[in-house]
Amino acid sequence: MSDSGISPQFSSKMGITDYKQIIQDADNYFNENFTHVAIDEIVKLRSDFFDSLLLHLWECADLATEDISLNAVGGYGRQTLHLYSDIDICVLFSHELSPHQASQIGHFFTQLWDLGLELGHTVLGLNEIDKVCEEDVTIATSLFEIRHLTGPESHAKEVLEKLYGDTLWSSEVFFKAKVNEQDERHQKAQGSAFSLEPNLKNSPGGMRDIQTLIWVTRKYFAAKDMAALRRFGFFTADEYAELLESQHFIWRTRWALHAAAQRSENRLLISLQSDVARLMGFGDNSHLAIEKMMRQLYRAMRRISELNQMLLQYFKDEILEQTDKKSTPLSEHFEINNGLINACHDDVFVDRKQLIALFTHIAENADDIVGITPQTIRLIRQVRRRLLGDLQDFHSCRKEFISLFRHPQGMGLALSLMHKHGILASYLPQWREIVGQMQFDLYHVYPVDEHTHKLLKYLYSLNDKPETQALTHPSAVYKAIANKEVLLLAALFHDLGKGRGGDHSELGAVDAMQFATFHELKPSQAKVIVWLVKNHLLLSLSTQRLDIYDPSEVNNLAKTIGTKARLDALYCLTVADIRATNDDLWTNWKATLLRDLYMSISFALRNGLENVLEQRTIVREHKNEALELMGLRVIPDEIKQLWKRLPLSFFSNAQPSEIARYSIAMAQSPVEDSLVLLDESSTKGFSDLFVYMKDKPGLFVTLFNTLASLQISVQQANISKTKDGYVVESLKILDYDELPIRTTGRRARIKQKIKEVLFENKKIPKQRLNNNISSFVSEPKVEFLRSRKKDRTLISVTALDNPQFMSHFCNGFRLFELNIHSAKITTVGEQVDNVFLVSDKDGQPLDDERKLELKSFFVDFIKEQPTA
């Protein structure tokens, strides 16, 4: 790439506008050449361009003296200047600045700010270097990358001499500081780079991981760059080439990210991913382009993370002398050295079985092993590249793999390292297909492979003391499961069918059966694994769509599940699946729903499917418990009259404590009055909102739009009608911070606003649109579910969380002259699952023609609506 297009002629007569135009022209030139010129050349040329600009402005400021020097530091010092990177500079002086010099330096900085540059600057006397570097390792690290621009060159040399010595920071202390800094940075990223929006700079495997290696290299080896590590024997030529390739890909991604965002941005935000993929040349097909880009990005970050770990361990052995080197033999092939498992000879993996046995040893010695030696990681990397077939082709490998899943500690560190170092991908061809597989929604915040890894880890954690009260019951159930490997293998396969264009549960079930047969599992085990994979969403969807307190629904689920062993495994799988899908999805409320459903199905299975209690029995029990809570033995007339008016669904859906609370409130309120209740308890993971009033057109949608305007999210809603035309609405809600309504003032304001809109017909406040959904294209899904009532039709409509959709649903029902008998709303990520029980104007279910018309009406409308 010629630099002729970025060689401006600067003049002291130029104004701010002229300089800004030159900078913009240069950046336009870089962007035009970005797609076909090496990124390392691009970032260096941009650094060179600003060298020229700064030197010109420095000279114009009359600062060319023998006492003051201008130096680049940080990324600018490394000559890796991205599109919106900070320009980090350090002004050094050897004698006290005169008032004129101080004024001119201030003028110099002001000019840079006026140009709109993101500036990081430091002004230091040489006599201050020792103090500031001793106090702050970050400043010391930045100065390690000092690059002289103008003025006395001796200043930069003096700084480096101080830093290379052991007076300010010894190599040992500096190394520990940078490793601790990296550990803290990784911890903030929750130990994973593989989220929906990875941070290109700070996530594990990001740019900072490479820079950490550079900083340690410069301090200990006084080396200028990473290439020196090859000379010192820490890097092979292939490893160095791999690191550069991965670094350059992340650099290109970051440049494109800056260009798409038009600002300094390190998080690859979902709203920008399509533009970034297009700028990088992956095409205009949004989902496909993003998927290709993200797969390569995750691959690059995995490589960097692995090389970073390997090299830092080499550095640790070199820099930190191990005074007590303990070695414990495990077999003829492996030993433990200072907490790290080590291969005893370089050809250990000629026997492919040992590649899996390595991780079995880690499981068997979980208390003594914290990682793998760098020498062994290198051997793993070498054999991984040479694998022409799948590891499971070897019978001995298959036996080791199954034994790992049977081991009580197998899903601990052993599994994580097997995933991290690519051995799961080498063993299972299906796993290779889902590595970095994106899931285009806010519900799943990890790629498929990372989600599955987390799910297995969460199952494993159920063996330990429960982290929260919500995990107490799942933990107890998991510990009682006899054949945990069946559940764990089902978890391994539950999502491996994603990305292949069909029902991933069905595809995964086929793969699971092939795996079970190939690995000689018992037919009974294979049958359960396949069933779990095929039905892994059963409980989760049931809590979203069905009345889980309806005995007939419980009866159907019990028939589908069949055995208590399947129920236990499915319950634990569902809990772990929800937790691994999104860190915010597992709540006390969700735990309560699943536990209640589990208990109901368990009771049905225990007592025989034919003995499931009928709804009226449940209603009778709930009424009796509610009376006890109210301190009553006999039903008072006002309660008796009230309960006659209420639908049976009110008593079957609500808990006895809710029936008691709501009944007292309704009985104390005149029949013609309306009622809004908002409970004060915040221990359940949600708040209960109850509305009771005379039915009127649009009431259903008005309530939802009012809540949306208050930034209240509806997690679940049950709506039914009384026999005399009143509406009973019971909702589980969360505040704007995804927590229950916690303060008295907030509860009062919510109740007041609902009363004003519903009872006084005041205008609904302006709604805030959900900005998080603007980047998603979600096909609406309309289904007609089986209804246990012959004169009703059950409709499920799943769409993005947009209050306008709810309004249109109700308008559609009115247009088609449908009666809404009940509704159940469940919010899942950025989507809402709406289930309505309806009939036509004559009280009959919808026929096929009417269903098709209604479905087309909903789908066509939702597709046409803007999401932001």
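This briefing covers the sheets, packed helices, cysteines and one annotated span of the structure above. The model is predicted. Another open sheet of four strands has the order E5-E6-E7-E8. The disulfide count is zero. A UniProt annotation, from an unreviewed entry, marks residues 448-570 as "domain: HD".

- E1 spans residues 68-72 and E2 spans residues 87-93. The two strands run antiparallel and are joined by five bridges.
- Ile68 has Phe93 in E2 as its bridge partner.

**Sheet E5-E6-E7-E8**

- This open sheet of four strands also has mixed pairing.
- E5 (327-329) and E8 (371-372) are the edge strands, and each pairs on one side only.
- E6 covers residues 334-337, and E7 covers residues 340-343. Four bridges join these antiparallel strands.
- Glu335 stands opposite Asn342 in E7.
- Helix H15, residues 374-386, packs on the sheet and touches E7 and E8. The direction of H15 makes about 55° with that of E7.

- Asp351 sits in the loop between E7 and helix H14 (353-364).
- Asp351 is partly exposed because its relative accessibility is 36%, a value between the 20% and 50% cut-offs.
- Asp351 and Ser403 are 52 residues apart along the chain. Their C-alpha atoms are separated by 17 Å.

- E10, residues 687-694, is mostly covered. Seven of its eight residues are buried.
- E9, residues 675-678, runs antiparallel to E10, with four bridges joining them.
- Leu678 stands opposite Leu689 in E10.
- E10 also pairs with E12, residues 726-734, in the antiparallel sense over eight bridges.
- In that pairing, Val691 stands opposite Glu729 in E12.

**Cysteines**

- There are zero disulfides, by a rule that asks for cysteine sulfur atoms within 2.5 Å.
- Cys90 is in no disulfide. The nearest cysteine sulfur belongs to Cys133 and is 9.1 Å away.
- Cys90 is buried, with a relative accessible area of 2%.
- The closest cysteine sulfur to that of Cys397 is in Cys344, 19 Å away, so the distance is too far for a bond.
- Cys397 is buried too, because its relative accessible area is 0%.

**The annotated span**

- The UniProt record, an unreviewed entry, gives "domain: HD" for residues 448-570.
- In the model, this span is 70% helix and 0% strand.
- The end C-alpha atoms of residues 448-570 lie 19 Å apart.

Note on methods
Residues are numbered from 1 along each chain as its sequence is written. This is a predicted model: local features need pLDDT of at least 70, side-chain atom pairs count only at pLDDT 80 or more; totals for chains, interfaces and linings use all residues. Side-chain values use heavy atoms; hydrogens and water are left out. Two strands pair if DSSP finds at least two bridges between them. Contact means heavy atoms within 4.5 Å. Axes are lines fitted to C-alpha atoms, for helices over the stretch in contact, and angles run from 0 to 180 degrees between N-to-C directions. Buried means under 20% relative accessible area, exposed over 50%, partly exposed in between (1.4 Å probe, protein chains only). UniProt positions are given in the numbering used here, feature names are shortened, and annotations may be inferred rather than shown by experiment.
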